[in-house]
Amino acid sequence: MDYRINDIDRVIKNAVLVMEDSKYQIFEICESARKEMFALGQELNQVIAETGAVIDKVDKLELDYRRARIRLTEVSRDFVRYKEEDIKAAYEKATQLQLDLMVFREKETYLKSRRDELQQRVRGVEKSIERAESIASQINVVLEYLSGDLTQVTRILESAKNRQQIGLKIILAQEDERKRIAREIHDGPAQSLANIVLRAEIAERMLVKQEFQIVQEELIDLKSQVRSGIEEIRKIIFNLRPMALDDLGLVPTLRKYIQDFEEKSKIRTMFDTIGKEIRLPSAMEAGVFRMVQEAFTNAFKHANPSFVSLEITYQGQMMKIVVRDNGVGFNVDALESQISDSNHFGLIGMRERVELLDGRMEIESKKDDGTKVVIHIPMNADQRKE
């Protein structure tokens, strides 16, 4: 067995060296991408400033051109008051302004196209940086795993397969969660803040032009957008870790979640509790909350229901959780065979949480007859490590 341990030790050390080198290369790629994004950002700011100046110039030229055409019409009609030189001068001025207007309109079109192109490139580089950071994060996790105490490698090998699966699932779950949070922030608060900056610039420009009515309307709209952004941020925070879970407990937090679910999905809900509520260890309450959240999410995504209910029963040393919906239902036996192919990550995640809490889960469903998920969790979690 000793020679096997030495071989494994050598393989692990080689893997660590390769990963360290890969980590350095990823770092260089990430730094190069950051420099490119900085340069693109500077160019984008310059193009945005030039675009604003050109738009103002086009607005001025359009006004001057309209005045020149009016002047040309006046001198062309009144041959008594105006001479041929006046008509010629008015015509030349209108022609020159028309040419200038065409040139600046062309420049405006080019700058807007360039601005859009730069914004798209910035987004592409941001995604590249995000991917590089994600890979670096995964490598760090693996390096920490491999750089640990190798003297107990024999004991680790006894459950290597299970540990590998759990470790990889944890890494993938962490990265998926980070991607989801990044998407929510990018599509929500980040977009709102970018729009607020743009509207603030418009308000600033209108203020210079003394268009006070427009400025007031823009400020009212800005206030509404800020409120909306705050609400989105609060929802993201709640999805990450409901603070009410630690302060108020499981039942009030679930009640708030189900109310939000009903408002968002427009699906009618009901929540009942039976028995006296018992506060559970923090990790256990978080696990139960995530299971209920996953069950409601699965119903919303796949069942197309008009009604979803939750019932929690405290039975001595056991907690019973029942989630029902009146959706399309499915063939349970067929789904069981598909779960092994990892096509249903929601149910897999629920089952893993139930198993971690030493519980059991049962699914009852028929085609066009809704679905019932029953989960039994022992409440003697204080006797086990969280």
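Trainee: What should I know about the model and its numbering?

Mentor: This is a predicted model: local features need pLDDT of at least 70, side-chain atom pairs count only at pLDDT 80 or more, and totals for chains, interfaces and linings use all residues. Residues are numbered from 1 along each chain as its sequence is written, and side-chain values use heavy atoms, with hydrogens and water left out.

Trainee: How many helices and strands does the protein have?

Mentor: The protein has 10 helices and five strands. Helices are DSSP runs of H or I with at least four residues, strands are runs of E with at least two, and both are numbered from the N terminus.

Trainee: What share of the protein counts as buried?

Mentor: Of its 386 residues, 32% count as buried. Buried means under 20% relative accessible area, exposed means over 50%, and partly exposed is in between (1.4 Å probe, protein chains only).

Trainee: Why is Lys266 called exposed?

Mentor: Its relative accessibility is 70%. The cut-off for exposed is over 50%, so Lys266 counts as exposed. Lys266 sits in the loop between helix 7 (250-265) and strand 1 (268-274). Its phi is near 65 degrees, a positive value in a residue other than glycine.

Trainee: Where is Asp358?

Mentor: Asp358 is in the loop between helix 10 (345-356) and strand 4 (360-365). Asp358 is not a glycine, yet has a positive phi of about 60 degrees.

Trainee: What makes Arg34 and Glu31 a salt bridge?

Mentor: The closest N and O atoms of the two are 3.0 Å apart. A salt bridge needs a side-chain nitrogen of Lys or Arg within 4 Å of a carboxyl oxygen of Asp or Glu. Therefore Arg34 and Glu31 qualify. The two are three residues apart in helix 1 (residues 2-77), so about one helical turn separates them. Arg34 is partly exposed at 34% relative accessibility, and Glu31 is partly exposed at 28%. Glu31 and Arg34 also belong to a network of salt bridges with Glu133.

Trainee: What makes Arg105 and Glu62 a pair that links distant parts of the chain?

Mentor: Their salt bridge has its closest N and O atoms 2.9 Å apart. Arg105 lies in helix 2 (residues 84-146) and Glu62 in helix 1, 43 residues apart. Arg105 is partly exposed at 40%, as is Glu62 at 24%.

Trainee: Is Arg114 buried or exposed?

Mentor: Arg114 has 18% relative accessibility, so it counts as buried. Glu117 is at 38% and counts as partly exposed. Arg114 and Glu117 form a salt bridge, with the closest N and O atoms 3.3 Å apart. The structure holds 11 salt bridges.

Trainee: Which residues touch the most other members of the largest nonpolar core?

Mentor: Phe296, Leu310, Met319, Ile321, Ile375 and Ile377 do, in a core of 36 residues. A nonpolar core is a set of buried Ala, Val, Leu, Ile, Met, Phe, Trp, Tyr and Cys residues joined through side-chain atoms within 4.5 Å. Helix 8 (282-303) gives the most to this core, with nine residues. Another core lies apart from it, with 29 residues, among them Val47, Leu97, Leu111 and Ile129.

Trainee: Why is the pair of Tyr257 and Phe296 called edge-to-face?

Mentor: Rings of Phe, Tyr and Trp (its six-membered ring) pair if their centres lie within 6.5 Å; planes under 30 degrees apart count as stacked, over 60 as edge-to-face and the rest as tilted. Tyr257 and Phe296 have ring centres 6.2 Å apart and planes at 75 degrees, so the pair is edge-to-face. Tyr257 is in helix 7 and Phe296 in helix 8, 39 residues apart. Tyr257 is buried at 8%, and Phe296 is buried at 0%.

Trainee: What makes Phe261 and Phe296 edge-to-face?

Mentor: Their ring centres are 5.1 Å apart and their planes are at 90 degrees, so this pair is edge-to-face. Ring pairs link Tyr257, Phe261, Phe289, Phe296 and Phe300 into a cluster.

Trainee: How do you know that Lys57 lies over the face of Phe104?

Mentor: Lys57 is at 5.7 Å from the ring centre. A charge sits over a ring if NZ of Lys or CZ of Arg is within 6 Å of the ring centre and within 35 degrees of the ring normal. Lys57 is listed as lying over the face of Phe104.
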